[in-house]
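Trainee: Could we go through this structure together? I would like to see what stands behind each label.
Mentor: Gladly; bring your questions.

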Amino acid sequence: MFKRTLAKVLSTVMIISTVAMPTSVVFAEQSATLVASQIKVYNYFDGEKGSMGEDLIMDAVEVKNTIVSGPTFKIYANATDVTPLETRTLDLGEEDFTMLLADVHLSHAGGEIYLTVTEPGKTESERVAKTYTAEKSPKIVGLNIPNIVQNDPLYKASEITFNYAGLTAGTILRVYSADYTKKLLYVVTLDASYFNGVADASKKVVLYPTVSSSNGIWECVVTQQLPNRLESAAGNLSCMATYIPDLVDANKLDIFSYPGETGNHFDIDSPPAFLAVENAQEIVVVPAAENYSLNVYKNIADTTPTIVAHANASNFIPPCSDKLSPFFRQPGSYRTNLGASSALKLGDHGGTVYVAYVLAGGKESIWRTPVTYSTIYNTFSEGIPQASPPSPSNFIINNNIDNMDTITYKGAKGDIIKIYLTENVNSKKLLPLIVNGTRTINGASVPVGTTKVAQLGTDAGTVYATIQNAAGTESERVAVSYGVESASTPDPTNDPSATNAPSSGKQPAQAPTANSFMVANNAGSSDAITYTGTAGDIIKIYTVETGGKVLGTATVARGKTTAIISKSIIGATEGSVYATITTSTTSESSRTKLDYLAEQTTVAPSPDAITVTNNTGGIKDAIGVTDVVVGDTIKVYKDSTTKSTLGKAVAAETVATVTVSQVGLTSGSVYVTVTNKGKLESERVVKAFSAETATTAISKDKVFVTNNAVGMKDTVKATDLLEGDTITVYMDDTTEKALGKATVAKGKTEAIVSITQIGATEGSIYVTVANKSTPASSRVKVDYITEQKTAAPTPDNITIINNTGGSKDTVLVTNIVEGDTVKVYKDATTKSTLGKATVLASATEATVSIAQLGMTASTVYVTVTNSGKLESDRVAKDYGAETATTVISSNQVVIKNNIGKAKDTVTATGLLVGDTVTVYTDDTATKALGKATVAKGKSEIILSLAQLGASGGSVYVTLANKLTPASTRVKINFLAE
């Protein structure tokens with residue numbers, strides 16, 4: 001990605017000269033400030049790919065332009081910089097655009113940029129800040145997660161090694177389940193300690209998968225999150241395991257909760273075994289074998305077990321143990337003394353723990369087996385009898401109206417009473433009740449205990465009680481009944497053996513009359529029940545005649561004669577509620593039935609009272625309703641069933657108007673309702689409306705399409721228009737998305753739409769025109785022709801110079817025009833060029849320079865491309881070989897064929913500085929016997945050759961210089977040694 005350090009302008013010193021100002025100064029209007037919602041920022045990371053796999057290498061800013069007269073947009077790094085990061089001036093009529101930040105890289109961590117716009121003839125606008133998000137971290141590709149090797153199926157071997165070479169300190173790696181449910185399995189942060197200066201360091205992390213796989217494959221996906229970046233997409237990676245067994249069979253495991261047990265040990269029997277963590281109120285049953293341990297975890301991902309159970313010879317209990325157990329006690333068991341430990345607090349209402357084997361050396365099995373447990377009550381304690389149930393007559397239950405309910409038990413000091421809501425073993429338990437006080441009952445001091453309960457309910461009912469005392473374990477449950485709620489509290493010193501029904505000593509009040517109440521069943525607001533009576537009266541409203549739910553309570557205040565219960569307490573249809581009264585001198589009365597009517601529905605408006613105005617030109621439409629009442633709510637819907645409204649209004653007088661963005665360009669209907677205060681919404685009344693008046697369609701002979709070649713935008717030009725008219729171009733007669741649009745500028749009569757590409761071949765577009773006061777016209781079909789190809793150059797207009805001596809070769813093309821591009825290829829098919837050139841301003845030719853065409857004669861292929869047209873066909877042009885050097889004369893060469901091992905020599909004279917002489921064995925050999933170049937200030941060279949041979953013969957010599965290639969070979973004879 002192209003990058004640039006953002007220069008910060010620390011200060012700007014502005015020197016303002018003092019000049020004489022004219023008496024009348026006209027200041028240019030400032031451009032309107034952009035809105036942040038018009039701007040979208042794309043902050044890509046290096047190497048990020050688009051939806052089509054393309055590289056997104058440059059950050060970009062997209063602007064929804066509403067100014068069509070060629071504005072200039074600028075991007076600044078902050079609110080004070082003078083120099084913008086990027087500047088873009090739009091063509092006339094160009095609207096939405098994207099500015100690629102080729103030389104700017106936005107912050108990885110996100111931040112703000114600032115944009116301005118300058119309209120023609122106006123000054124630069126205020127800056128608008130646009131916040132952009134941090135870059136996403138790049139998706140992990142090729143992160144090394146090697147196989148999980150299971151050498152011993154009973155040993156923990158589920159380490160996964162992350163090779164994080166090339167990653168950044170502070171990167172967060174997350175491992176998710178591979179089923180794309182995004183279940184997070186593990187998180188590791190690569191802090192500085194992971195690296196320690198080692199380039200290819202690695203780190204082991206241990207996962208505890210919740211399931212195993214019969215085929216030995218455990219799959220996962222991994223993401224990374226770089227510092228100050230967003231989390232990346234998941235990399236599709238997997239961990240392969242050679243063997244991953246289920247080590248603990250859940251079918252052989254049972255867990256039971258025994259609340260209230262005492263003791264300080266647990267037992268492990270041979271299967272099915274008995275593990276009683278009594279002081280922790282839990283029992284775990286597991287299969288047993290000597291010399292192993294169990295790790296019991298409360299959660300799948302815990303790193304420390306909640307409890308560890310050991311089985312070895314020192315903990316062995318003989319098979320003939322006389323201890324009692326409710327389980328299938330098998331001969332032989334093991335015991336571990338836990339002291340007073342209560343670490344395994346799992347709760348009284350069932351749950352799940354996770355169990356794993358631990359073998360010699362502390363190796364733990366891979367899989368933790370989830371084991372559910374339930375709650376068991378009325379258990380046996382070893383050698384201790386079960387207590388007898390308590391007597392229901394020893395309970396006093398006060399079911400109070402406004403205060404907390406109380407439960408009192410008369411028993412013996414130390415008795416522990418537990419109250420349950422049902423007989424079910426998993427029933428919710430209320431607060432315990434312990435006999436730890438005394439009361440005087442019938443003149444005697446009696447041990448009692450009392451507990452408070454939030455609310456037992458308004459009706460009579462039953463709870464279930466157990467007792468646990470020094471004589472035994474918790475008893476079976478016994479039912480204890482209680483009466484309906486009472487405003488007064490029974491005297492707890494009364495003999496509890498008499499009854500549990502309320503007894504206040506006060507007479508019930510006389511039931512109120514229905515005429516004392518007024519029930520308003522309102523719609524859309526709180527219902528109201530108004531009572532007229534005496535100060536201090538307490539009224540209570542019930543759902544039914546006996547029992548049921550209390551809907552509300554109210555008291556007539558001092559100095560008042562009425563009390564109101566105001567809340568949504570009754571239904572939409574007609575029905576009844578029941579009222580009681582309690583005074584300061586009486587208890588609660590019997591219930592009086594109060595009937596109420598159904599909620600009332602508002603009368604629907606007449607269609608004649610509804611008027612729909614379907615405005616054109618972007619003006620909001622209006623729906624007016626007459627004959628309404630102040631406070632009425634008018635709602636407008638698009639059909640007879642949709643819940644959402646097009647708009648609504650509250651009447652401030654007898655006429656109300658609802659304004660909506662658009663009811664539609666074509667004719668249609670809306671549905672209108674009225675809602676009176678305290679009543680239901682009326683039925684919907686349909687009201688038809690007419691279509692908006694459309695703009696007259698443009699004539700196709702007023703539209704001109706230029707289908708330019710790739711690299712230049714195509715254009716659609718519409719003429720004979722009015723200022724403010726907008727033309728829109730579509731690819732067909734139905735598609736809603738436009739190819740582009742443009743508006744006629746002030747003082748103009750035409751508009752031009754620029755389109756990236758409409759297609760290389762001939763086709764059609766569809767054009768609409770709209771103005772400020774009417775909607776868009778129907779679409780007009782306009783045909784366009786195929787993109788035009790440039791005429792190929794003639795060979796006579798091509799001149800090739802194949803220079804010698806290392807000078808660049810040239811291809812000259814004449815009789816072409818300004819802006820044409822000339823390209824030279826080595827053959828008729830290759831895509832890459834040997835070179836290219838563009839015709840300069842006012843010129844009619846272009847020259848392409850090429851490093852080397854080749855020493856021998858050959859052919860090149862030349863094209864010309866006019867602006868806005870396709871490249872021409874390739875034209876072949878032959879060229880000649882480079883001019884060779886003149887051959888050396890045999891008189892200039894002397895060969896000495898020396899005897900023995902002395903080297904033979906070849907001497908060439910009469911040469912120029914830089915000339916090179918090369919000697920070959922024959923006229924075709926490619927490998928030379930030797931060569932030498934004439935040094936500065938010399939005119940000859942001497943070549944030393946290993947041996948030419950004892951007998952006479954010949955060699956072949958070439959001559960080359962700096963400007964010309966080597967000459968042909970000259971045969972030179974030599975004598976025998």
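Trainee: In what order do the strands of the open sheet with S49 and S52 run, and what is the pairing?
Mentor: The order is S49-S48-S51-S52, and the pairing of these 4 strands is antiparallel. Before we go on, this is a predicted model, in which local features need pLDDT of at least 70 and side-chain atom pairs count only at pLDDT 80 or more, while totals for chains, interfaces and linings use all residues. Residues are numbered from 1 along each chain as its sequence is written, and side-chain values use heavy atoms, with hydrogens and water left out.

Trainee: What makes S49 and S52 edge strands?
Mentor: Each of them pairs on one side only. Two strands pair if DSSP finds at least two bridges between them. S51 (residues 763-770) and S52 are joined by 5 bridges in the antiparallel sense, so they meet that definition. In this pair, Ser 764 is opposite Asp 783 of S52.

Trainee: What holds paired strands together in general?
Mentor: Backbone hydrogen bonds do, whether the strands are parallel or antiparallel.

Trainee: With which strands does S58 pair?
Mentor: S58 (residues 858-865) pairs with S55 (residues 821-825) over 5 bridges, and with S59 (residues 875-879) over 5 bridges as well. Both pairings are antiparallel. Val 864 of S58 is opposite Val 822, and Val 862 is opposite Val 875 in S59.

Trainee: How many helices and strands does the protein chain have?
Mentor: There are 0 helices and 66 strands. Helices (H or I, at least four residues) and strands (E, at least two) are DSSP runs, numbered from the N terminus.

Trainee: Why is Asn 708 called buried?
Mentor: Buried means under 20% relative accessible area, exposed over 50%, and partly exposed in between (1.4 Å probe, protein chains only). Asn 708 has 10% relative accessibility, so the residue counts as buried. Asn 708 sits in the loop between S46 (703-706) and S47 (714-718). Beyond neighbours within four places in sequence, Asn 708 has contacts (heavy atoms within 4.5 Å) with Lys 713, Asp 714, Gln 757, Glu 787 and Gly 868. Across the chain, buried residues make up 41% of the 977 residues.

Trainee: What volume does the largest pocket have, and what makes a pocket?
Mentor: The volume is about 440 Å³. On a 1 Å grid over the protein atoms alone, a pocket is an open set of points where a 1.4 Å probe fits, with protein on both sides within 12 Å along at least five of seven lines; lining residues have an atom within 4 Å of a point. Of the 14 lining residues, Asp 96, Leu 739, Gly 740, Lys 741 and Ser 754 are the closest to the centre.

Trainee: Which element gives the most residues to that lining?
Mentor: S50 does, with 3 residues.

Terms used: Grid points are joined across faces, edges and corners, and a volume is the space filled by probe spheres set on the points.
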